[in-house]
Amino acid sequence: MKHNWDLEQIIEGCKSSDRRAQEQLFKQFYGKLLVVSQRYIRDKDSAQEVLQEGFIKIFEHITRYDNKGSFEGWMRRIIANCAIDAIRKSKKDFLLSEND
């Protein structure tokens, strides 16, 4: 049985931890958000790791989305923040290993 999801249904499903809704959100925005991640992280594997981490944060904090403003913009900000955190961590790890 195929279900046609609209974005509001997906968001509401994700807010109630519906795995099918989460899967639909992931499928619908994976490509667009991977591009955001790759703008910060050039290595594709690392960018995909950042994206996975970002989706986890999106699912954990989706109840905080208040339907004001762009949902896609809200998700892009989370992915960008995850990428920036990963860059900071890699610089910190590099400096620590350089001092050893």
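Colleague: At what angle do the axes of helix H1 (residues 7-15) and helix H2 (residues 19-40) cross?
Modeller: This is a predicted model, in which local features need pLDDT of at least 70, side-chain atom pairs count only at pLDDT 80 or more, and totals for chains, interfaces and linings use all residues. Residues are numbered from 1 along each chain as its sequence is written, and side-chain values use heavy atoms, leaving out hydrogens and water. Helices are DSSP runs of H or I with at least four residues, numbered from the N terminus, and axes are lines fitted to C-alpha atoms over the stretch in contact, with angles from 0 to 180 degrees between N-to-C directions. The axes of H1 and H2 come within 8 Å, and their crossing angle is roughly 130°.

Colleague: How is H1 placed relative to H2, given that angle?
Modeller: Angles under 35 degrees are roughly parallel, over 145 roughly antiparallel, 65 to 115 roughly perpendicular, and the rest oblique. The angle of roughly 130° therefore makes H1, relative to H2, oblique.

Colleague: Which residues of H1 make the contact with H2?
Modeller: Contact means heavy atoms within 4.5 Å. On the H2 side the residues are Ala21, Gln22, Gln24, Leu25, Gln28 and Phe29. On the H1 side they are Leu7, Ile10, Gly13 and Cys14.

Colleague: How far apart are the axes of H2 and helix H3 (residues 44-61)?
Modeller: Two packed helices are described by the angle between their axes and the distance between the axes. For H2 and H3 the angle is about 135°, and the distance is 9 Å.

Colleague: Is Gln22 buried or exposed?
Modeller: Gln22 lies in helix H2. Beyond residues up to four places away in sequence, Gln22 touches Cys14, Ser17 and Phe59. The cut-offs are under 20% relative accessible area for buried, over 50% for exposed, and partly exposed in between (1.4 Å probe, protein chains only). Gln22 has 10%, so this residue is buried.

Colleague: Which residues does Ile58 contact, leaving aside neighbours within four places in sequence?
Modeller: Ile58 is one of the H3 residues that meet H2. With those neighbours set aside, Ile58 is in contact with Leu25, Leu33, Trp74, Met75, Ile78 and Ile79.

How values were computed. Helices (H or I, at least four residues) and strands (E, at least two) are DSSP runs, numbered from the N terminus.
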